[in-house]
Structure formats: C-alpha cells, structure tokens
Amino acid sequence: MLQVKNITKHFSGVTALDNISLEFLPGQVHAIIGENGAGKSTLMKILSGVYTQYEGDIFYKGHKVHFSDPKAAQEKGISIIHQELNLVAGLSITENIFLGRELLTRIGLLNKAAMRQQASALLARLKLRVNPDTLVGDLKVGQQQVVEIAKALLVESEVIIMDEPSSAISESETTVLFDIIAGLKRDNKAVVYISHKLDELFKIADRYIVLRDGRLIEEGPMKGMQQEQLIQKMVGRDLQVLRRQAAETNTATIFSVEQLSLPRPGKTGSFILKDISFSVGKGEILGIFGLMGAGRTELLETIFGLHARRMTGLIKVKQQPVSFKNPYDAKKAGLALVPEDRKKDGLVPGLDVQTNIGLTTLSSMETMGWLSKRRETDLSQKYIRELHIKTASGRQLVKDLSGGNQQKIVLAKWLATQPVLLMLDEPTRGIDIHAKQEIYHLVRQLAGQGLGIIVVSSELPEILAIADRVLVMCEGKIKASLPIHEAAEEVLLKAAIPLTI
Amino acid sequence: MINIQEKKQYLRKFQSLIALFLLCVGISLFSDKFLTVTNAWNVMRQISVNICISVGMTLVVLTAGIDLSVGSVLAFCGAVTAGLIKHGIELPSANLYIEFTLTGGILAGVLIGAVLGWFNGWVITRFKVPPFVATLAMLTIARGLTMLWTNGFPITGLGSKFALMGTGWLLGIPVPVWISLLVVVIAILLTGKTKLGRYIYAIGGNESAARLSGIRINKVKMAVYAIAGCLAAVGGLIVTSRLDAAQPNAGTSYELDSIAAVVIGGTSLSGGRGSIAGTVLGAIIIGVLNNGLVLLNVSPFWQQVVKGGVILLAVIIDKSGTKESQ
C-alpha cells in the first residue's frame, strides 16, 4: 500500500536517514523501533508531508507521490498522530475533528447538527463515551489521542502513523487504544506504531522494523521474536566504544539526594519523580541514562530549585542539608546546570560572547554598583582560551557561533561560578563528533580537578565514554545503579524501557 | 454529577454579570437618578460607539492580536464621510467635481475603514510585524491623514438627515443603540455559526494546529483586521453624526476603552478564549461605572483611576481562574 524506496535525508551535514526502503501493508501493524536519533521521527515526518525535501521516492497504492505539505498527505490518505497532539484546547471535540473541514449548510453557515452527528458516530466507533461538545482541553491525554484518531478516520486515512502514542497515557487507556488499533486492522488500514515500550509491541505489532543511525537494520514478522533479540538489534554497534577508566572510588560525598519526589500537578497519586536517592563524590562523574519521559531533565530542574514548592525530599551539599527556593539559591550553594536546550534556556542569543559568559557572576564584577568592563573581558578571554572557544572576539554575537562553541559558552558561564557540582543535560546534543570529543575531554578534566559532575544523556556511547557510575531512570524512578565496568549497553537499555504489563 | 471544578467554571461565566449587578445596586444606593429610563438610554447611547469598536477588537484579540489604531481610524473615516457629504471630491486642477449622496458618503467611510484595517492585517501577515507595532503605526498614520483631510478644522454642517444616525430615535430606542445592537447580533452569528468564526478561535487557541489543519491563517487575520477597521468607521459615523462635526481629534484614546471592555468581558489577550457577549457586558460595566461616577459627582480624574483599577481587577480574577483549571 505504502512503499518507500531509497529515502535519504540530510540535515546540514548530518545524515538522518540513509537509503531506507520499506513497505507498509494494509491490515498490519508495523512497529518501528530504534534508539533516540535512529531516524524514526524523521522518516514519519517525510511520510506525512512535514518534511518535503528528501532524496528517494514514496509510492502510494502503486503511484509515485510527493507531498507538498501535511494537508496534501492527509488528502491522499496518510495521517500522523504526533506525540505533541495538534488540537485546539478551547474548541470542542466536534470542532477539532472538523477543523479545516467544516460541513456547511446550503446558506454557508456551519452545519453544527451534521458535524455533531458524524462526530458522535466516530466517537462511538472508537468507544469514547464522551459528549462531543466537551472542550478538548478538559479531556485526559488518552481521550485527546482518541480525538486525533477520529480526525484521521474522518478523512478516511488508509495509513495511520502513531508516534509514541502510549507515552503519556495510563494502562487502562492503553488497553482501549489497542482495541482501537485492532479495529483499524480489521478495516484494512496500515498502522505504523513508534514506541519504546517493547512489551506493548509484542501485544499488537505484526511486523517489526529496526532503525539504527538512520539505516534500516532489519525488518520481519513479530511472531517468534524475543525482546532480547530486538534490543540487541537496536543497539549493536560496529564502532569501538571508548570506555572510561573509572576514577578512584571512595571519595568524599559532595552532593546527595534522598527520597526526592515530585508529584505531577493536577493528577493526585501520579509522580514525575519518585523516591530518587543517589550521591555524587568529589571528582566523580555520574551518568544518568533514560529514554524521553523518564524524568531526567525534571530531576536536574528539581535539584536546581525550579520546582521548589512541589518537591519533597532531602538535598545535601557537602553533607549539609539545603533548601533551594529558586536557582539563585542553588547557584549560591555551588550548583550549576547546563540545560538541555542551550538556545532556549542556556544563552541569550542576541547578546555577545562575553556578556553571556559573565551573566552568572556579575556581582563579582561590580564596584559600588558599576560594572567593570575590564573584569568582564578578562573573564571571557580566560574561558575562550581554556575551553578553546572558536570566536572572532568576545564581542561576537552568540547566535552566530556553532552549536559546539555555544555549548562551551554555557559551560564557561557556569564554570565561572566555581561550582561544587556541575550538572549537564544532554551536553552534546546537535554537536558534531569533533566537538563532542572536546567536550568529553573537558568534562574528564574538570572531574580530575575535583568537581562533582552529573551528565544526563540519552546516547549510550556518550554515557559509556565519560561516566564513572551510571544510573538508569525510567518513569520517574531509578531502575538501576551500576559502576561503569558493569554497564553494558543492553543492560542499560533494558532497564530504561518502561513496562506496561 | 457536577463536581467542584464544573461548579467553579459555571460561576465564572456569570462573574461579570454578578459584578454588574452589584455595581448597579451600589450606585443606586447613592444616587436616585441612576435607575431611571432616561439614564438607562443615556448609558446605552454613550457606550454604543465603544460597543462597535470593541466588537471588532474582540475578533482581533481572539486571534491573539491587538488593534491600537481604532481610535484614529474612527476619526479619519468620520472625517472622510463628513467631507464627502459636505463637499464631495473637488480637484479643480483636474476639473473633477464629484458630489456624494448621504449613502455614498457613508459607504465610502466604511470602505476606507475596511481598507485601513486590511492594510494592518497585510503588514502583520506579510511582513510579520507584531500587531502592537503595526497598529501603533497606523494609529499615528491615520491621525495624520485625518489632520491632512480636515486641515486641522472640524467639518460641520452635515445636514439633518445625517444627524439621525447619532441623535435620532426609532421605536423609542436611540438609533446608535440600534446600530450597536445590529453589529452585536451579526458578530455573534459570525463567531458562532460561520467557518470564519470557528477559524478565529482556532488560530488564537493554537495557531500551529490551525495551520496544520489547512486553515488559511493569513486570510483570516486580514479579514479580522479589516472588520475591525470597518467597525471603527461605523463608530466614527455615530460620533460625527452626534456632534454634527468631524473633529480632527475625535476618537483619541478610544482604543483603551475598547481594550478595557474586551478584557473585562473575559476575552484573553493571548487569544482563543472569549466572546462577543462578554465584551458587550464589559462595555456595559465600563459605561455604568462612568455614568455612576458622574452621577456621584466624582471628579473625571478619579474616573480614570477607578477604570484602570477595574481593568486590573478583572484580569487578575480571570487569570487566577484559569490557573486553577490547569
């Protein structure tokens, strides 16, 4: 029904997809598996018309097609349900289902009765017992997903792509979702299901497709496969992984967390983080591995004082209990956080290098209320030298620098505070291989100088390259804690995968 | 099976109405001239211009935009109509003398309003100029155009027929009230029963979802600003007719009153939430407030302070409501 041949996609130097050829059959559920960055989302975005520039061909029902935008793909019969749902919270279910496709009466006004009736029929078919006039914003996430599926059915899609549909819904809602998928199969639709939850896939998938580093590794019938085999295929690497020689153990604990929990707002009994406890020693690099949604970023944010009101638990810096009301307190106590999204949370892109580097330590640069330009320049020059930041001058605007150099600036900004604990969230995301190595080297150097470091990453090779110890997080809890010599890729990945059964 | 949340939502819809009720009760305790029929029509007539402008402003704000130019556009369109009715178009150099009928003049004024509004929308969508900046520029431009057109002097003596628009009575109800009523009814039909209305809410609620649903965002936005310009023109006609003069400085600060009405009426400045009915209620509250303060002999300067305070209060209460529902 839907066939792709030799699909290749580049993103400014990085190959996201490399010569992928696949076929999607009607009445079958195809599970697409792969690590973060394997190319799953990229492929789906090409299929659904979000990305329009690519090499290779798409054949739909035997004819070659090219989609100019998502609407064109929808009209042909390919719908995608994104992880971030595309609904308008302020409109009702009916209004959302018919958004852009409203039914009109003969005089051109909205035919609300007809739309409501069709919406009701669709909801009944999908077994969602909610009034179609309910505002989508008042629905639970699982119900919102069903509304998205209803949208896909309204346009009689033949291919329905679901991107991590069960990542934000409860067990019971997942059961309903599977019933719906079974119904779609009976209607001879082709379903493409992207998920990390391997045990779910065993329940509903007919075929598996494994992607790794943008390439098609293997595909075949799901029947007879074991979870271990799938994990092996997801992870198996040709490159030799550089492993860290673990630093000497038994150093003094400079930071620890006890029973840290963060409840989820709005849903009592549900937690973003539950009973997290760990410690970091002087000069130790703690790696935290986990998949998206595991709660790693939230953990760092909570430690840094961003969720002070909701969190419970104990944080100790240099064995003294501390209580942070905001990042300012955390900074004063000697913590530093290099955020995941450097452009959004780490830098002021419109300001220059030296202003950005000086941002955290301005109080040490002022005399009687006046800022000393000279001290600011000296500071930035120091770090430009030490971290080998490639910039024309301290006055260059940060947004004009490469990702790797931008990341070094964020790092410099925090090193200037002379922290006790440095937390890095996905420090090499979107950075080329050379800059990655530079940053790994820097991190090891800093640890050697006695800094405690936490590195959060979803890239296994990265964790293995720099961590002394690895924590694996899954669904807000710590599932495993291993010294580096015991941390094999398969073991880490298995611990990171959430269970739904 | 109504739980606490739903009860709260229900109450919120009526909070403006309750506020208005309390306000009326309060004022009537201090002034016996308040609860009279004459006074009631006074208030309705005074707010009729604001209602016209505010309806247009509501549509713009629903798309997460803003229109600061309505006051100036009101003045310019009023002046255009007045000038055309009185003098027509005279270009001696080109030997051009066009006389305008009353209807022609009115239509021309409304059309100019639509064009200026459409221009706002064009600048905002084509060049991605933030609505605040684009309409701020138009505020100045339209005021300048008004000065140019009127040469700085009021245009007066527009005839008794035209004066009907602002001073006439029909079936015991002032004509401006009829006009604003018509505008409100059409607007409620538009937002509730047409594709355009639906799209306005969708764009304000989640522009990227609207775009991915194939909605022509730019076309909708241009239409919305054009409507706002149109309605500003209608307001201008009422003002000009009532004063029997097109004043060069008419409409100054009218945009503030209209934003106040929109905000008090519960429409969110970030778009996607709100209603025409809410805005009308907001305009009535402001009108009653103004009226009450005058009847109580409060200095007009205090009126400013009170009005500002009420706007703040309304938004704070509204914001605290939404936070809970999340």
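1. Two residues are in contact if their C-beta atoms, placed from the backbone, lie within 7 Å. The remarks below concern a predicted model.

2. On that criterion, the contact draws 17 residues from chain B and 16 residues from chain A. On the side of chain B that touches chain A, the elements giving two or more residues are α8 (195–205) and α9 (207–212) of chain B. Of the elements there, α8(B) contributes the most, with 5 residues. Sorted by class, this side of chain B has 6 nonpolar, 7 polar and 4 charged residues.

3. Two packed helices are described by the angle between their axes and the distance between the axes. For helix α4 (residues 102–126) of chain B and helix α10 (residues 217–243) of chain B, the axes come within 7 Å and cross at roughly 145 degrees. The crossing of α4(B) and α10(B) is right-handed. By class, the contact of α4(B) with α10(B) has 19 nonpolar, 9 polar and 1 charged residues.

4. A:K494 is located in helix α17 (residues 489–496) of chain A. The C-alpha atoms of A:K494 and A:K479 are separated by 9.8 Å, and the two residues are 15 residues apart along the chain.

5. Is A:K494 buried, exposed or partly exposed? A:K494 counts as partly exposed because 18 C-beta neighbours lie inside 10 Å. The cut-offs place a residue with 20 or more such neighbours among the buried and one with 12 or fewer among the exposed.

Technical notes
Residues are numbered from 1 along each chain as its sequence is written. Chains are lettered from A and ligands numbered from 1 in the order in which they are written. This is a predicted model: local features need pLDDT of at least 70, side-chain atom pairs count only at pLDDT 80 or more; totals for chains, interfaces and linings use all residues. Axes are lines fitted to C-alpha atoms, for helices over the stretch in contact, and angles run from 0 to 180 degrees between N-to-C directions. Helices (H or I, at least four residues) and strands (E, at least two) are DSSP runs, numbered from the N terminus. A crossing is left-handed if the near helix is turned anticlockwise from the far one by less than a right angle, and right-handed if clockwise. Ala, Val, Leu, Ile, Met, Phe, Trp, Tyr, Cys and Pro count as nonpolar, Asp, Glu, Lys and Arg as charged, and the others, Gly among them, as polar.
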